[in-house]
Amino acid sequence: VQLQAYGGGLVQAGGSLRLSCAASGRTSVYAWFRQVSGKEREFVAAINGNGDQLYHIIREKGRFTISRADAENTTYLQMNSLEPEDTGVYYCAADRAVGRPRSGARDYEYWGQGTQVTVSS
């Protein structure tokens, strides 16, 4: 399965962006991760085939919403009220294993190329 992420860009603090990730085939769980230069990739959100969602504790809940459109093999990350701390490269990930949405990078077999999100203050 190949993943193609897009939708990043430059936005002012308080603004919104919608990231999209198209998969070349069907998957079970989708996730988004963020990486800042020099730091490890960190979990943002995940969604399984039942629509169950998982978000990074405290930080993203309420501002970000993950969704999926299975007919298009696509997942979305709607990001509102963006803060400069949200800046980073956002990667989509997917896995075919059925189950609950997962937050570990090792839980995902397929990865997209990343899309840059920059939030200016």
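Which residue does a disulfide join to C21? In this predicted model, the partner of C21 is C92, and the S to S distance is 2.1 Å. A search of the whole structure returns one disulfide. A bond of this kind is covalent and is formed between the sulfur atoms of two cysteines. The link between C21 and C92 is right-handed, with 55 degrees about the S-S bond. Distant parts of the chain are connected by this pair: C21 belongs to strand β3 (residues 17-23) and C92 to strand β9 (residues 88-95), and the two cysteines are 71 residues apart. C21 has a relative accessible area of 0%, and because buried means under 20%, C21 is assigned as buried. C92 is likewise counted as buried, at 0% relative accessibility.

The secondary structure of the protein consists of 11 strands and zero helices. Along the sequence, the pattern is accordingly β-β-β-β-β-β-β-β-β-β-β. The radius of gyration of the protein is 13 Å, close to the 14 Å given by the globule rule for 121 residues, so the protein is as compact as a globular protein of that length. The C-alpha trace spans about 40 × 30 × 25 Å along its principal axes. Of the 121 residues, 45% count as buried. The accessible surface comes to about 6,300 Å², and carbon and sulfur atoms account for 46% of that surface. Contacts across the sequence were also examined: among those between residues at least 6 apart, 60% join residues at least 24 apart.

The largest nonpolar core contains 24 residues, and W32, L77, M79 and Y90 are the residues with the most contacts inside it. At least two residues of this core are supplied by each of β1 (3-6), β3, β4 (29-35), β5 (42-47), β7 (64-69), β8 (74-79), β9 and β11 (115-120). Strand β3 provides the largest share of this core, namely four residues.

The relative accessible area of S20 is 8%; since the limit for a buried residue is under 20%, S20 is classed as buried. When neighbours within four places in sequence are set aside, the residues in contact with S20 are Q4, A5, Y6, W32, T75 and Y76. Of these contacts of S20, W32 is also one of the residues with the most contacts inside the largest nonpolar core.

E60 lies in the loop between β6 (53-55) and β7. This glutamate is buried, with a relative accessible area of 0%. Apart from neighbours within four places in sequence, E60 is in contact with R34, V44 and D86. E60 and Y6 are 54 residues apart along the chain, and their C-alpha atoms are separated by 19 Å. Y6, in turn, is among the residues in contact with S20.

Methods
Residues are numbered from 1 along each chain as its sequence is written. This is a predicted model: local features need pLDDT of at least 70, side-chain atom pairs count only at pLDDT 80 or more; totals for chains, interfaces and linings use all residues. Side-chain values use heavy atoms; hydrogens and water are left out. A disulfide is a pair of cysteine sulfur atoms within 2.5 Å. Buried means under 20% relative accessible area, exposed over 50%, partly exposed in between (1.4 Å probe, protein chains only). A nonpolar core is a set of buried Ala, Val, Leu, Ile, Met, Phe, Trp, Tyr and Cys residues joined through side-chain atoms within 4.5 Å. The radius of gyration is taken over C-alpha atoms; the globule rule is 2.2 Å times the number of residues to the power 0.38. Contact means heavy atoms within 4.5 Å. Accessible areas come from the Shrake-Rupley method with a 1.4 Å probe; for residues, only the protein chains shown count as cover.
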